[in-house]
Amino acid sequence: QVQLVESGGGLVQPGGSLRLSCAASGRIFSINSMGWYRQSPGKERDLVARITSDGRLNYADSVKERFTISRDNNKNTVDLQMNSLKPEDTAVYYCNADIKTMALGYFYMYWGQGTQVTVSS
């Protein structure tokens, strides 16, 4: 019914930058919050950043002042600009969105497939 597709992941050196993008598609009625989470091997999937429909922001302490989340409500996309990347940022990054579809009529949390971000010299 809904798909979230991430793009922009890859390999980057410490101190470099990447911009992740996520596009939601399907019979979407409304989108509440959207965000990015990440998970490294053996660890819990953790919040990186999220943004509500009215622009309220929430960042993990480890990425504040380095990452910036933004969204385009007309295009149903959410981006994550990542600057000053560190090796500890290495993880699979997942796009997340709370979406109400025309078919179901209620909000459901959707996840993307994930995109690998590797920060290494």
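Predicted model: local features only at pLDDT ≥ 70, side-chain atom pairs only at ≥ 80, totals over all residues.
Residues are numbered from 1 along each chain as its sequence is written, and side-chain values use heavy atoms, with hydrogens and water left out.

Leu-80 sits in strand β8, and, because its relative accessibility is 0%, Leu-80 counts as buried; buried here means under 20% relative accessible area, with a 1.4 Å probe and protein chains only. Tyr-108, by contrast, is 28 residues from Leu-80 in sequence and 22 Å from it in space, taken C-alpha to C-alpha.

Which residues have the most contacts inside the largest nonpolar core? They are Trp-36, Leu-80, Met-82, Tyr-93 and Ile-99, in a core of 31 residues, and by a nonpolar core I mean a set of buried Ala, Val, Leu, Ile, Met, Phe, Trp, Tyr and Cys residues joined through side-chain atoms within 4.5 Å. The elements that give two or more residues to this core include β1 (2-7), β4 (28-39), β8 (77-82) and β9 (91-101), and the largest share, five residues, comes from β9. In soluble globular proteins, nonpolar side chains tend to be buried together.

Stepping back to the whole chain, the protein has zero helices and 11 strands, helices (H or I, at least four residues) and strands (E, at least two) being DSSP runs numbered from the N terminus. The radius of gyration of the protein chain is 14 Å, close to the 14 Å from the globule rule for 121 residues, so the chain is as compact as a globular protein of that length; the radius is taken over C-alpha atoms, and the rule is 2.2 Å times the number of residues to the power 0.38. Along the principal axes, the C-alpha atoms fill a box of roughly 45 × 25 × 25 Å.

Buried residues make up 41% of the 121 residues, and, among contacts in the protein chain with a separation of 6 or more, 57% are between residues 24 or more positions apart.

Conventions:
Buried < 20%, exposed > 50% of the residue type's maximum accessible area, 1.4 Å probe, protein only. Contact = heavy atoms within 4.5 Å.
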